[in-house]
Amino acid sequence: MDIAVIGGGGREHAIIKALKHSKGVSHIYALPGNGGIAEDAECIAIGAKELDAIVDFAVEKKINYVVVAPDDPLVLGLVDMLDEKGIPCFGPDKAAAIIEGSKAFSKRLMKKYGIPTASYEIFDDMDAALKYIETCPIPTVIKADGLALGKGVIIAETRDEARVGLRTIMEDKKFGASGDTVVIEEFLDGPEVSVLSFTDGKVVRPMVSSMDHKRAQDGDKGLNTGGMGTVAPNPYYTPEIAEECMTKIFLPTIKAMAEEGRVFKGCLYFGLMITEDGPKVIEYNSRFGDPETQVVLPLLDGDLLEIMRATTNGTLADVDFTFRDEAACCVVAASDGYPVAYEKGFEITLPDEREHIYIAGSKLVDGKQVTSGGRVLGVVETAETLGEAIDKAYAKLEEVHFDNMYFRKDIGTKALEALK
């Protein structure tokens with residue numbers, strides 16, 4: 001089978017490397033891919049939001065299956081467009097992808113179907129939102145309704161911060177039209193857990209849990225980023241919590257979407273907070289997370305393409321796969337200054353053995369990989385224990401070099417403390 005993977009980051013590299021081990025895969029295209037992905041797939045210079053060009057390419061090349069990895073093309077309806085051409089996809093259609101595309105939709109869905117989440121109010125008028133901020137509990141959380149590259153969330157510790165944050169989103173349009181509507185919600189406290197899950201709209205098969213590290217600096221200081229590292233499994237996600245999530249969150253969400261005529265197929269990401277009142281949903285994503293994918297897929301015992309096609313065909317219950325009872329750690333090497341301002345164009349030196357090094361931001365210049373983004377790559381290692389996986393990942397990172405390289409030195413520390 002000829003496969004096309006849409007996207008060009010570390011998540012897509014991890015997906016492509018896993019698909020290379022699947023039965024029946026003859027050729028993999030990446031649209032657009034990147035300099036590192038080019039070692040594992042044929043990169044085509046078509047952007048993930050160039051929907052018409054993607055469809056034309058898939059038709060011309062007679063692509064057998066398309067994996068739509070990023071949020072934008074899913075929300076814009078790429079799966080629907082390919083389906084019209086008879087090309088099957090991994091990922092939800094436009095109607096189902098709204099669960100990530102609109103936070104207002106997902107909050108209303110959870111309220112309607114009794115799925116535990118933070119209490120909230122929705123505003124499309126800034127004056128009304130400003131008035132609400134004067135009386136709502138502080139701290140509070142302000143979210144742009146639409147897609148914002150994972151950065152459209154402001155945690156306001158004071159009312160002044162809330163006013164400034166609201167104006168940044170709704171008046172200054174920092175996130176464009178995504179901020180025309182905002183969700184202002186209760187601040188929840190507790191450990192965060194990410195759970196990716198395969199689903200065919202009927203069955204939910206959760207993957208191994210993970211813990212992301214969003215802040216740029218050690219000790220969870222500094223600005224929010226797309227993720228500076230991940231570990232799996234998340235020690236806060238106990239078997240008891242997992243059972244509660246399946247009963248109160250995972251299955252009810254899938255059933256709710258079906259009830260709404262929005263059957264969800266693909267990967268549904270549950271961003272959870274383990275509160276004193278039990279697990280609650282912080283957010284849904286309609287696709288694999290980044291960099292959670294990088295620690296989850298190396299622990300998969302199963303054929304990824306077979307699983308993906310089963311989500312498309314509605315036969316997920318018939319596929320056997322498990323996740324190894326091991327641990328994984330991903331440390332992200334970024335360009336110093338990320339996520340604000342940073343230099344690019346530095347040559348990347350990599351070790352010969354790089355099965356689990358996933359490139360996020362590089363391009364090929366004269367046959368050499370050079371940095372082209374803020375998050376440049378993720379180094380992943382697995383082991384029987386989390387401590388061993390962390391040590392191995394940092395040891396492997398010592399074999400990676402590029403000028404201006406920056407990484408957190410405490411990935412997994414909080415998880416190790418929880419295990420004690």
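Me: Which residue in β17 is the bridge partner of Leu272?

Reply: In general, the strands of a sheet pair through backbone hydrogen bonds, either parallel or antiparallel. In this model, which is predicted, the bridge partner of Leu272 in β17 is Val281. The two strands concerned, β16 (residues 266–275) and β17, run antiparallel and are joined by seven bridges.

Me: In what order do the strands of this open sheet come, and which are the edge strands?

Reply: Four strands form the open sheet in the order β11-β10-β16-β17, with antiparallel pairing. The edge strands, each of which pairs on one side only, are β11 (204–206) and β17 (278–285). Neighbouring strands of the sheet are turned by 35° against each other on average, direction ignored.

Me: Which helix lies across these strands?

Reply: Helix α9 (residues 239–259) lies across β10 (192–199), β11, β16 and β17, and runs at about 130° to β16.

Me: How many cavities of 30 Å³ or more does a search of the whole structure find, and what lines the largest cavity?

Reply: Rolling a probe the size of a water molecule over the atoms shows where empty space is left. Here the search finds three cavities of 30 Å³ or more, and the largest has a volume of about 60 Å³. Its lining includes Gly10, Asp290, Cys330, Tyr358 and Arg375, and divides into six nonpolar, three polar and two charged residues. Strand β24 (375–383) and β20 (327–335) each supply at least two residues of that lining, while the largest share, three residues, comes from β24. Domain 3 (192–323) and domain 4 (327–419) each contribute at least three residues to the lining of the largest cavity.

Note on methods. Residues are numbered from 1 along each chain as its sequence is written. This is a predicted model: local features need pLDDT of at least 70, side-chain atom pairs count only at pLDDT 80 or more; totals for chains, interfaces and linings use all residues. Side-chain values use heavy atoms; hydrogens and water are left out. On a 1 Å grid over the protein atoms alone, a cavity is a set of points where a 1.4 Å probe fits but cannot get out, and a pocket is an open set with protein on both sides within 12 Å along at least five of seven lines; lining residues have an atom within 4 Å of a point. Grid points are joined across faces, edges and corners, and a volume is the space filled by probe spheres set on the points. Ala, Val, Leu, Ile, Met, Phe, Trp, Tyr, Cys and Pro count as nonpolar, Asp, Glu, Lys and Arg as charged, and the others, Gly among them, as polar. Domain bounds come from an automatic or database domain assignment. Two strands pair if DSSP finds at least two bridges between them. Axes are lines fitted to C-alpha atoms, for helices over the stretch in contact, and angles run from 0 to 180 degrees between N-to-C directions. Contact means heavy atoms within 4.5 Å.
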